[in-house]
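Subject: Structure handover and notes

Dear colleague,

I am passing on the structure we discussed, together with some notes on what turned up when I went through it. Please read them alongside the model itself.

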Amino acid sequence: MAIDFTKRTESDGGPSFHPYDHPAAGWGAAKSVTEFMIAQEREPIIGTRAILKMNHENDGFDCPGCAWPDSLKGIHLDICENGIKHVTWEMTHKRVDREFFSAHTVTELSGWSDHDLENQGRLTEPMSYDPETDRYLPISWDEAFELVGRTLRELDDPNRAAFYTSGRLGNEATFLYQLMARELGTNNLPDCSNMCHEASGRALQASLGTGKGTCDLADWETTDALFIMGVNAASNAPRMLTALAEADRRGAQIVHINPLIEAGSRRTIIPHEFLQMATFHATPTGTLNLQTRIGGDFAVIRGIAKAVLEQSKTDPKALDHRFIELHTTGFEAYRAKVEATSWAEIEEQSALTEAELRRAAKIYREADRSIISWCLGVTQHEHGVDTIREIVNLLLLRGNLGREGAGPSPVRGHSNVQGNRTCGIDHRPRPQFLDRLAEVCGIDPPRAHGLDTVATIEAMHAGKVTVFVGMGGNFALAAPDTVYTCEALRRCALTVQVSTKLNRSHLVHGARAVILPCLGRTERDEQRAGLQQTSVEDAMAMVHLSKGMKKPASPHLLSEPAIIAGVAKAALPQTNTPWDHYVDDYDRIRDTMAEVIDGFEDFNRRVRLPLGFRIKQPARELVFLTPSGRAEFSTADLPDLTPAPGTLTLATMRSHDQWNTTIYSHDDRYRGIKNLRALVLMNPDDMRDRSLKLFDEVDITSIARNGTTRTVHRYKAIPYDIPQGCAAGYMPELNVLCAIGDYSTQSDQPIMKNVKVTIERSV
Ligand SMILES: Nc1nc2c(c(=O)[nH]1)N[C@H]1C(S)=C(S)[C@@H](COP(=O)(O)OP(=O)(O)OC[C@H]3O[C@@H](n4cnc5c(=O)[nH]c(N)nc54)[C@H](O)[C@@H]3O)O[C@H]1N2
Ligand SMILES: Nc1nc2c(c(=O)[nH]1)N[C@H]1C(S)=C(S)[C@@H](COP(=O)(O)OP(=O)(O)OC[C@H]3O[C@@H](n4cnc5c(=O)[nH]c(N)nc54)[C@H](O)[C@@H]3O)O[C@H]1N2
Ligand SMILES: [Mo]
C-alpha cells in the first residue's frame, strides 16, 4: 500500500502552546513518568524495582536511553525521566503475537500511526511475510535462518547485501555481526552513526588522529568552562543536567550555543533527585545563551578564536604557546586565516554580534580548563566536519587537550553507538583492523570500502543491493527521504528486521520479509554456560557490562548473538568460525575480541572491574596518530549561509516525548507544546511576513540541491524564539523533506539540520 507520508494525522483533541518557564526535570517529569508507566500497564512500583537495577556498577543493565556515562560516584539512582520511559517501553506487558498478525493485514497496519504500531507491545516469535494473504505468518527459527541463509548464499556477489546496525547492539553481538558480514565478503555495514556523528569521527580523526572525544566524566566534574553546542540536554541526554548543575554549583561557566533556548540551558532539578522532589530547588545550568542561526556554529567558534587571537597581541597568556609549539602543526596558517576572516563576515554568518562573541571569548580565555561538547546541531550539516575541526582549533589555542578538565566531548546518541564503531561496524574499516581480524578469526575480509546509509539506500533503489538486514532500528523512518527510502526497501528481494517492537520498517518490506524478535537489554539472556552479560561503551569510552534481569517477553525470543549465529551458519556452510561455541558463552567472544580490537586486551577481566574500563585515547595522552604526528590545525573558509530570498533553513529534531522514531506522546513539554507533532516553529517576524498566526496551517516545501522539491501539507505554524530565517520541526516525520542526495560532501552524513524550505499558507 502506498502510504501518504506528506499528511499526518494527530491524536484527538486540539493542540496547545504555552511557552515553558519551569526548570528542566522536576514535578512535570515525575508526573509524566507515572502516567507513562500506567499506560504501559506497568505498576509504578514494579517499574521502580527495575529502574533501581539500571546503570548500576556492573550489576544491572545499562540504560538503553542514551550514551551518557554512568556516575563515577556510585549515585544510587543515576536515572532520568526519559531513561525510565525507555526501559518501561521495552518492559511493557503488551504483546504482538501470532493472533495479532493473523487479525491484521500488512495493508491495514500500514494505515496505523507509528505510535500505535510500536504501542502494541513486544514481538514474540519469528514471522515471515506471506504475499498471498498479505499477512505475517509464524515461521520457526530454523526455517527463518534457512530462508535468510539461502538468499545470502545464492547472491552472485556478497555486496548485494547490506547489514544495518542501530546503535544499541551490545559489543559482543556487534563483533559477531561484522564478522559474519566480512566472512560473507562485504563491508556494507551502514549504521545509524552515518546519520549521527559521522562528522565528529571524521573531524577528530583528521585533527587529532583519534575519532572520539577525549573527555570523561571526571573532566566534566573539574572543568572551569563548558561550551554546549546543538544539544537538547533536558530531553536527549538528561543526565547531562546533573553535570551542568554541579558545574554551576562549583562556579564553572556554561555557554549554550543553539538557535533555540532549550529548557536545559537555564535551570534544572537534578534528574536523579526528581523522585524526592520536595526537598529540592532548581539549579542554574547556563551562564550565557548564544542563539546562533542554524548552521552558524562555525562562525561562532571562529569569532571566539578571533577574539582570543586579538587578545594574545597584548596578553601572551591568552594562548598556550608552549602547547602549540610542542604538540601542534599549522598554527601560523590558522592564525592568518582567522585574521583574514572579518568580524562583519562572522556576525553575518553567525547571526550574533561581535560583542556577544567577545563575551563568550572572555569566558573561554579566563577559564584555565574548557570543554566543548556538541551533538546533532553541529554534525548534521554540510560543513559539520569543518565546524568540529574549528572547535578543535579553538581548544588547541589554549592547550585544552590532554589534561584534566579539558577537551572535545561529543555527546553520542544511541547507548552503544560508539561501541559499535569500536567493535567493527564501519563501512570504511582500517586495514590494521582487517589484518587482525584475518589473523585471529581465519577469514579473508574484503578490503574495498562498503556502503554507508545513504549509499545503501541508493544501491537498493538502483537494484544493486537486494538483501537488507536491519539489526535493530527503524530504517524506513530514520533514514532521509522517506518516500525514496521506502521505495528502495520495497525493491529488495529480502528484508530482515531484528527487532523488539513492531514498527514501520516491518510494513515497508521486500518481496520476502522476516521479522526476527530478540531479547531486550532488560531481559535475562540464558545460554548453555548460564546467564550472559554483554558489554557496551558509553560516549566517554568507558566499557562496562550490562546484565538483564527480567523474564523475557516471550519464551521464543533469541538473543542478538544467537540470531546472528543462526543466520551466519545458514549463510556460510563452510564456515570455520565456532558460532555455537561463541553463543554458549559470551566470554569466548570477548576472548577473541581481546585479540582483535585495540584497547580490549584482557577484556574479560577488565570489563568485570567495578566501573568497567576506559579505552585508551591516544590523543588524550598527547599521542597523535595523524600524518604529522601532531594535532593539526585546519584552515577552512567560513561557508556562506545566506538563504535565498523567500527561503528558510529548517532543522529536524526530536521532541521531549520521543525516542528517535519511537513516539511516546504528541507532547513536547519543555517547549510548551501539547498534542501536536505536525508543526513548524518559526520566528514571529517570518510568520508576520507570511500573514501567519499561531496554528495556521502551512505547506512546507524543501528545495534539494538538485532542484527537486518535496512537500508536507497542513503543518501548524508556531511563533517561537528562534532566529529569523530559521525554522524547526520534528524528525522522523520531516524526513519526507530531506532529499536523498543532500548529504555532506565532507562526511556523507545527511544534512538533517539544514533543509532549505519555503513555507506557505495551506490552501
Ligand atoms: N529521550 C531521548 N533521548 C535521546 C534520543 C531521543 O530521541 N530521545 N535520541 C538519541 C540519539 S540517537 C541522539 S543522536 C541524541 C540526539 O540529541 P540532540 O542532538 O539533542 O538531538 P535533536 O533533538 O536532533 O536536537 C538537536 C538540538 O540541536 C539544536 N540545533 C538545530 N540546529 C542547530 C544548529 O545549526 N546549531 C546548533 N548549535 N544547534 C542546532 C536544536 O535546537 C536542538 O536543541 O540523543 C539521544 N538521546
Ligand atoms: N530528519 C532526521 N532524521 C534522523 C535524525 C534527525 O535528527 N533528523 N537523527 C538520526 C539519528 S541521530 C539516528 S541515531 C537515527 C536512529 O535510527 P534507528 O536507530 O534506526 O531508529 P530507532 O528509532 O532508534 O529504532 C527503534 C526500533 O529499534 C528496535 N529496538 C529497540 N530496542 C532494541 C533492541 O534491544 N534490539 C533490537 N534488535 N532492536 C531494538 C525497536 O523495534 C524500535 O522500533 O535516526 C536518524 N534520523
Ligand atoms: Mo543518533
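For the helix pairs below, axes are lines fitted to C-alpha atoms over the stretch in contact, and angles run from 0 to 180 degrees between N-to-C directions. Please also bear in mind that this is a predicted model.

With that convention, the axes of helix H8 (residues 171-184) and helix H21 (residues 431-441) come within 12 Å and cross at roughly 90°. Since angles of 65 to 115 degrees count as roughly perpendicular, H8 and H21 are therefore roughly perpendicular to each other. On the H8 side the contact is made by Phe175, Gln178, Leu179 and Arg182, which meet Phe433, Leu434, Leu437 and Cys441 of H21.

The crossing in which H9 passes H19 is right-handed.

Turning to the aromatic rings, a search of the whole structure finds 16 aromatic pairs. One of them is formed by Phe331 and Phe633, a tilted pair at 5.7 Å centre to centre with 55° between the planes. Because Phe331 lies in helix H15 (residues 331-340) and Phe633 in the loop between strand E23 (631-632) and strand E24 (648-653), this pair ties together parts that are 302 residues apart in sequence. Both Phe331 and Phe633 are buried. Elsewhere, ring pairs link Phe100, Phe101, Trp112, Tyr129 and Tyr136 into a cluster.

Two arginines lie over ring faces: Arg398 over that of Tyr364, at 6.0 Å from the ring centre, and Arg606 over that of Phe613, at 4.2 Å from the ring centre.

Finally, I looked at Asn232, which is placed in the loop between strand E7 (225-229) and helix H11 (233-236). Is Asn232 buried or exposed? Its relative accessibility is 9%, and because buried means under 20%, Asn232 counts as buried. Leaving aside residues up to four places away in sequence, Asn232 touches Ala237, Glu262, Arg654 and Arg671. The C-alpha atoms of Asn232 and Gly377 are separated by 9.0 Å, although these two residues are 145 residues apart along the chain.

Best regards

Methods: Residues are numbered from 1 along each chain as its sequence is written. Chains are lettered from A and ligands numbered from 1 in the order in which they are written. This is a predicted model: local features need pLDDT of at least 70, side-chain atom pairs count only at pLDDT 80 or more; totals for chains, interfaces and linings use all residues. Side-chain values use heavy atoms; hydrogens and water are left out. Rings of Phe, Tyr and Trp (its six-membered ring) pair if their centres lie within 6.5 Å; planes under 30 degrees apart count as stacked, over 60 as edge-to-face and the rest as tilted. Helices (H or I, at least four residues) and strands (E, at least two) are DSSP runs, numbered from the N terminus. Buried means under 20% relative accessible area, exposed over 50%, partly exposed in between (1.4 Å probe, protein chains only). A charge sits over a ring if NZ of Lys or CZ of Arg is within 6 Å of the ring centre and within 35 degrees of the ring normal. A crossing is left-handed if the near helix is turned anticlockwise from the far one by less than a right angle, and right-handed if clockwise. Contact means heavy atoms within 4.5 Å. Angles under 35 degrees count as roughly parallel, over 145 as roughly antiparallel, 65 to 115 as roughly perpendicular and the rest as oblique.
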